[in-house]
Amino acid sequence: MEKRVVFKSTWLPWVLLAPQVAVIAVFFFWPAAQALLQSLQQADAFGTSVEWVGLDNFRALFNDESYLASFQITAVFSLLVATLGISLSLLLAVFADRIVRGTTFYRTLLIWPYAVAPAVAGVLWLFMFAPSIGIVSYALNAIGFQWNHLLDSDHAMALIVAAAVWKQISYNFLFFVAGLQSIPKSLIEAAAIDGARPWRRFWTIQFPLLSPTTFFLLVINVVYAFFETFAIVDASTQGGPGRDTAILVYKVYYDGFKAMDLGGSAAQSVVLMVIVVALTVVQFRFVEKKVNY
């Protein structure tokens, strides 16, 4: 039987919802409304003079070649971060789920990166791959691979992708491990008795049962790549070399706080918010159909 909670008071449910509604209104709806308003205005660097310009900020954006290029950069970056992050964490989770001895030790090591702040992760990978003093760049140079993310755009993209994936992989790992542990062992044992090899058991039993977890992490990782990787880019490449790693969220910061184009930056934030919402809707509309609950 389905259990339902019935409130005798009509105002109690609203009181219980009030704190969450207040948090959402103050930290999401209010800033979003402010950004939408500022995107229709043009202000000076000090905010003392404000002029209503309508959609001129949006027209200027889509006539800006550097802004259009940042779309392609962000698409490549988010695709790599989401794909590599989910794939590697799933692989690690499968291996960790099979460990009999020392399970807690290995899982703890894999969870640690999540406790590192994004800016610290960016600096950490920057030091490891620094062309002059980085231990990884030294090893690469020793085998004949000349690494220099300060001059090579592909190297810079690889650096921020690696840092972003490393930072997020622990989060994905936790959910995949929990999902694997929730699968009844009897199903795996029955398939093994029938002669199914480990890869066959994973692909036909475990992975389909992990589809809700995979879909959830896909949405989370796309949002993470679009928004939460700003600190990694700012700490490691600062959008360079040139503007070749300036993803959309970093360009919002650069144009707003360094170039002091407040109206253009607000317009960029509105476009970015619309893109992320649209991607999320598309994922729920089409990708969720392949999820087995």
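F230, Y250, Y253, Y254 and F257 form one aromatic cluster. The structure holds 19 aromatic pairs, where a pair means ring centres of Phe, Tyr or Trp (its six-membered ring) within 6.5 Å. The charged end of R243 sits over the ring of Y254, 4.5 Å from its centre; this requires CZ of Arg or NZ of Lys within 6 Å of the ring centre and within 35 degrees of the ring normal.

The model is predicted: local features need pLDDT of at least 70, side-chain atom pairs count only at pLDDT 80 or more, and totals for chains, interfaces and linings use all residues. Residues are numbered from 1 along each chain as its sequence is written, and side-chain values use heavy atoms, without hydrogens or water.

A nonpolar core is a set of buried Ala, Val, Leu, Ile, Met, Phe, Trp, Tyr and Cys residues joined through side-chain atoms within 4.5 Å. Buried means under 20% relative accessible area (1.4 Å probe, protein chains only). The largest such core has 34 residues, and F77, V81 and I247 have the most contacts inside it. Helix α7 gives the most to this core, with seven residues. Helices are DSSP runs (H or I, at least four residues), numbered from the N terminus.

Beyond its neighbours within four places in sequence, F77 is in contact (heavy atoms within 4.5 Å) with M157, I160, V161, A164, A225, T229 and I247. Apart from this core lies another, of 17 residues, including Y171 and L210.

The buried residues of α10 include F215, L217 and F226. They pack against α3, α7, α9, α11, α12 and α13.

Conventions
Buried < 20%, exposed > 50% of the residue type's maximum accessible area, 1.4 Å probe, protein only. Helix = DSSP H or I, 4+ residues; strand = E, 2+ residues; numbered from the N terminus. Phe/Tyr/Trp six-rings, centres within 6.5 Å; stacked < 30°, edge-to-face > 60°.
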